Each structure stands twice: as structure tokens, then as C-alpha cells.
There are 2 protein chains.
Amino acid sequence: MERELSPARQAWCAARAKIAACAEMVWRLGADDPRKVVHGLKVGLALAIVSHFYYLRPLYDGVGGAAMWAVMTVVVVFEFTVGGSLYKGLNRGAATLTGGGLAIGVHWAASKAGQTGELVILNGAVFILASLVTFSRFIPVIKTRFDYGATIFILTFSLVTVSGYRVDQLVNLAQQRLSTIAIGISICLIICTLICPVWAGTELHLLITSNMDKLADSLDCCVEDYFTGKEDRRTGGYKSVLNSKASEDSLGNLAVWEPAHGRFGFQFPWSQYQKIGAALRNCAYCMEALNATSHSQIQAPELMKKHLMDACMKLSSKSSEILRELSSSIKSMRSTSSSSSALMAKEIKEAVEEVKRTLSSLPSNYQLSNEEDVEMLYRVKKQSLMESLPLVSFAFLLMEISVKVDAVDKA
Amino acid sequence: MERELSPARQAWCAARAKIAACAEMVWRLGADDPRKVVHGLKVGLALAIVSHFYYLRPLYDGVGGAAMWAVMTVVVVFEFTVGGSLYKGLNRGAATLTGGGLAIGVHWAASKAGQTGELVILNGAVFILASLVTFSRFIPVIKTRFDYGATIFILTFSLVTVSGYRVDQLVNLAQQRLSTIAIGISICLIICTLICPVWAGTELHLLITSNMDKLADSLDCCVEDYFTGKEDRRTGGYKSVLNSKASEDSLGNLAVWEPAHGRFGFQFPWSQYQKIGAALRNCAYCMEALNATSHSQIQAPELMKKHLMDACMKLSSKSSEILRELSSSIKSMRSTSSSSSALMAKEIKEAVEEVKRTLSSLPSNYQLSNEEDVEMLYRVKKQSLMESLPLVSFAFLLMEISVKVDAVDKA
């Protein structure tokens, strides 16, 4: 008896541990970003309102067909960010209108032909339009802005063309559907915008500034780690900058749809954020190389490191200072004064010069006594260069970024 | 008269030029990848078949409600890759089944309560389930595998719960809908798989190998450009590797759904491709740094470059040879023999040693005569190191990659 129970109990324990791990993961997901939980509740609320609407209004006493569209719209259109909901809502509305209108037109034309002609025209129209619009979804502009609209256009056009074959009161039906879809979209947008709105633009803004701060932190830590030999957890911060392209692009595309909110005006230059993001990624690539060098198998001797430490630390702290300054100026949406940015550019140039000077002054610190020493000296010099070089090129990249960001501030 | 015509004609010319540019862009899009055109035609065909089905079968003589679902399924499920269609089709089928089943269960429970109780239970169930499932879409596993299914689950559950308030024959209706959805999914999958199928797995395979080749090409070209002073167009090839993470991830996620096809068996280790992709990206980060150094404002003198040229060229050609070897072994799906990979690893190690040796032998080539010369020598040495260093760290990264890819081949 006990033998039989034991594996079962083991399995039960393993399953319980797994469930507990899952539950903890889910809990942390919600605790880290409570807006995700709120988003779930918002969708539930929107659906409850839509279905109430459906129960109570005598408008929908007939078939459940038209009311269905309101529910469907809410489920499909409701997105995490306001920009996402607006993108889907506007696309859905416009596509339903144009697709339905075109289908009614085709229908009218087909009804003039005989019964066979009608079938040919309707089928031909569905085939040709579906093919064309599906192909058009590969065009970059349409892909980023109207992808969802293209799908809904095909859907509405096919549905109306097909169903119209049986139903006579097409225009009436179309009106009903449009009104229900409009109700669905309005409920979505009202709830999405009024209750704890998540703006794609604000998210993008925060992502970019936090990436800047992370980059500044990990630059400082990486250089400090290298010279002190400690391991700081924040050194890896630049890694998340490397892979943020996808989320930056999608947030940037959605932010375009958002109306003026908070400190972001109408037609805010969101594409500038994507440019800053690209410049930051360039910077992060360099960090990756710098980090690889500092963890390389070959390490410079301590004496060597000490000699270079001050100059390198100064350069890295100046660089990260610029990044932090830029980040805080973006945060507060004020442009850095050109005099202060010129000052910082001058300071960083001086720091670069100092690193160069320290490097070339290195050999004079050592007394060359014999061949071996010379050899050793060269080796040492090579390795110190190994670590300082990425720093110098990093400084160059930083200068480039500061130029770019200045352009953004002016925009 | 002429004055009025002139701006109109100008506008017309500008518009015509714009339209011509657009048309050419679209034409090139189709000519570069004819499969995109074929995809459009496939969707058109699937829709034409589904609507035919609808016209002819007496099954759908009643309301257009049920037949609509077949059309909708085709429009929404049909994706460019087989994996995408399977992912959406299976998700849609499973979610409709579970969502509908659960809704009927809730309905049955609600019907036992009074009229007020029924309303409360139905509304409560919609609110709670919609909130829970929407939140669950943020859980990583569900996001990558079942995101679409979660949406459809909410949709079906809400629709059935809401519509069931009026319609008695829920089970009958559910059966009808399921069968039409099944018909839509089957038509999609049959057309998608039989007519010029685009497999996500094959796409991923080609993307990874072409990225490897691009990296090898641009490594060769970059080093050659640096020493010869020419500009090769292929040098920028690594840039597309930097940004391929998003497409690799999505293709990898879709490839999991595909059945065995061509040389890819069931449960092929697709995640290994993502690991190779990450290793390649690491390599590309290094290429970025290397490229930045070779385009830096400070350039080493020609004499210096000549001295290092042979060793650097050898190292880069060895490295790119390994990359090409790996790429061709992945292309032909055979694992590289461990002896040949050991040989290549040895060769690359030797090449690295040679670069190091050449670097340390540099100073003996110059006669030091006075202070200025020494200064100049140091400057020269520094700069040569500036360019050779990334190459060395690059070689390290390459070794790492070869180790990783070996592991993949063994898998």
C-alpha cells in the first residue's frame, strides 16, 4: 500500500511545487506592473457594459447577429495602450465603412447582370480584391499603419458580398452593423482612456530615458568593475538596450495614433525617439565590446591599470554624466541650453585627450633594463590599450549621440 | 489661361511621378519575392472557395449567421507561413471549443437560478473570465504560444453567454458554428500547405545561414577595405544581422507548430536556431565596433598597416572560413566532423598568435633616433593596436560561436 502511495505522493509534491512556482511567477507579473491587472479588469468591465447594453435595449430584439458585432469589437479592439486601441478602433471603423460600401456597390452592379453573371461578378470581385489587399499588406507603410484595417476590409467586403446574395436589405443591415461597431469602439476608447490610461507615447518616453540611465549606469559600473575587480549587478544594464528595438518600433507606431496628452502635443515628433533609440543601441554595441574586453582572458597588470585608472574613470564619468544630463532633459522635456552642452562637449574632449596623454606617457614610468623588460613593457602597453581603446571609441559614439539628441531637443 | 494651367499641370506631374515611384516600389516588392504575390492569390482562392461552398450547400439556407464564421475564419487564420496558419487555426479551434463549452456550462448553471440570479451569474462570469484571461495574456508562455487563442476564448465565451440569453438551442448553434469554423480552418490549411507552401522553419533556416554568410562576407570585406582603402558594398552586411532578432523569434515560435517537412523532422530543435542567432548577433556587435574603428578619424600610417596586413588578413579569412564552413554544414544538415572543426580551431588559434607576434615585433622595424621619433612611434603603435584589437576579440567571439554551433550540430 505504502509503495503505491509513495510515487503518487511524489508526483503530487512535484505538481504542487510546479503550481506554486507558476503562481509566484504570475503574482510577480502582477505585482511588478499592476497596470496589467488593471488592464484585465478594464476589458472585463467593457465586456460587461456591452453585454448589458445588449440585454436591455429593444433595438436588438431580433436576431443576435448585429449585437454580436459590438461584443466582438470590444474583444478585438481593446489593447493595453491607448494608441493600440485607437489604431485598431480607427482601422476597424474605416475598413468596415469602405469595405461595406464597396461591397454594396459591387452588389448593385452584379444585380444588373443575369443570375450567372451575378455569381461570376461577386466571386471575381472577392477573389481579386482579397488578393490585392492581402498583397498590399506587405507594403511597408500599410504594414505599419493599416495592417489591421486591411484584414477587416477583406473580412467586411467578403461577408457583405456573400451574405448579400440572400439578404435584400443590405443597406439597412450595414447601418445596423456600423452602429453596433461604433458603440463597441466608443465603449473601448472611453474605458481605455478614462480609467488608468496607458499611453504608448509615455511608455516610449520612459523606455528611452530608462535605457539612457541604464547605459550610463552600466558604463560607470563596467569601468569601475574593471579597475577594482568587483562585479556589479548593474553592469549588464546595457543588454536590455540591445534588444529594445522591437518594442521601441511598435510603441513608436502606436504613439502616432494618440491625441495630445500630458506634455506631448499633437504631432509630437515620435520618430525622433526612434532615432535616439538607434543611437543608444549603437552605444550599447560599443558597451558590449568594452565589456567583452574587460572580461577577456588577457589582463593588464595591476600597476598598469592603476596608471590609467584616473583618466579612464574621468572619461567614463563624463560620458555617463552627459547621458544622464540628456536623459533628465528629455524627462523634463526642456532642451539643454546650447552653452551647457558645448561645455560638456568640451569637457569630454579634454577627458579623451587626457586618456591619450596618459597612454603615451606610460613608458616613461618604467626603467628599461634589459630585453625581457622591454618585451614585457610592450606587452603591458598593448594590453592597456586593449582596454582603453573601446573607451575612446565609446567617447566618440557618445559625442555623436549628444549631437543627435541636440537635434531632437531643437525639434 | 496658361498661368492657371501651369500649377495644375505641375501638381499633375508631381502626382504622376509619385504614383510611378509607388508603382515601382510595389512592383519590386513582388518581383523580389514572388511568394508574396502567390500568397495574395492563395487568400483570394480560399475566400472564393469558401463563398462557393456557402452559395451551394442547402445547410446554410437559414440565417447567414453560421456561414459567416467560415468566411471570417479564412480571412483571419490565413497567414503567410504554414506555421502561422497552423498556430492561428489550432488556437482558434481549441479556443472556440473550450470557450463555447464553458459558456454552455455557465449557462446551464445560470438557468437553475432565478431571472435576477441568471443575469448576475452571466455578467459575473463574463467579467471574471475576461479579466483573468486578458491578464493571462501577459504570461510569457501564453504570449508566445496561445495569445490568439486567449482572444478567441474570450470572444467565444462572451458571444455564447450573451446570445444564449435569447436563443434556446445553444448546443445546436454551437455545433453549427464549430463545423463551419472547422471547414474554414481546413480550407485554409489545405491551400496553405499544398500550393507553394512557405514553411516558417525553412525561412528560419535560410535566415540563419544567410546571416552567417553575410557576416563572413562583411568580415572579409571590412578588413580588406581597411587595408586597401576601397569601399565594398558588402561590408554593411552585418547590419542586417544586428536587427534580425524579432524575425528570428517570431519564425522560431511559428516553426514549432509545423509538422515534419522536407529535412526537418518532428520536434526539430528550433530553439537551437535562436541560440545560433544570438551568437551571430554577438559577433555582429563586435563587427560594428570593428567597423567603427576602421572608419575612425585617427588612421594608422600606411607603413604600419602594411606590416600588419598579412597577419590580419589571414586571421579574418580563417574566421570567415569557419563561418562559411558552419553555414554550409547547417545548409546540408550534416554535422561537421569533430576532427575538421578541431583543425579549424587550431588554425584560428595560430592565426591569433601570429597577429600577436606581428604586433610585438613592430618596434624593431623602426630606428629610434630622437625624442620626436619615439613619440611618433608610440603614436603609430597605438593606432595599429587600435585596429587590430577588435580583430583579436572578434576571433575570441568566433571561437565561442564555433563551440556553440558544435553543440547545435550534436543536437
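Q: What does "buried" mean for a residue?

A: Buried means under 20% relative accessible area. The model here is predicted, and in it B:T156 counts as buried because its relative accessibility is 12%.

Q: Where does B:T156 lie, and which residues is B:T156 in contact with, leaving aside neighbours within four places in sequence?

A: B:T156 belongs to helix α7 of chain B, which covers residues 147–164. Once neighbours within four places in sequence are left aside, its contacts are B:A95, B:T96, B:G99 and B:G100.

Q: How many disulfides does a search of the whole structure find?

A: A disulfide is a covalent bond between the sulfur atoms of two cysteines. Over all chains, the search finds zero.

Q: Are B:C188 and B:C192 buried or exposed?

A: B:C188 is buried, at a relative accessible area of 0%. B:C192 also counts as buried, at 0% relative accessibility.

Q: Where in chain A is confidence lowest, and where is it highest?

A: Where pLDDT is low, the predicted coordinates should not be read in detail. In chain A, helix α15 (residues 371–410) has the lowest confidence, with a mean of 49, and helix α4 (residues 82–112) has the highest, at 88. The mean pLDDT of chain A is 76.

Q: Over which residues of chain A does pLDDT stay under 50?

A: Residues 59–64 of chain A are one such stretch, with seven contacts beyond four places in sequence in the model. Residues 363–390 of chain A also stay under 50, and there the model has 54 such contacts.

Definitions and conventions:
Residues are numbered from 1 along each chain as its sequence is written. Chains are lettered from A and ligands numbered from 1 in the order in which they are written. This is a predicted model: local features need pLDDT of at least 70, side-chain atom pairs count only at pLDDT 80 or more; totals for chains, interfaces and linings use all residues. Side-chain values use heavy atoms; hydrogens and water are left out. Helices (H or I, at least four residues) and strands (E, at least two) are DSSP runs, numbered from the N terminus. Buried means under 20% relative accessible area, exposed over 50%, partly exposed in between (1.4 Å probe, protein chains only). Contact means heavy atoms within 4.5 Å. A disulfide is a pair of cysteine sulfur atoms within 2.5 Å. pLDDT is the predictor's confidence in each residue, from 0 to 100.
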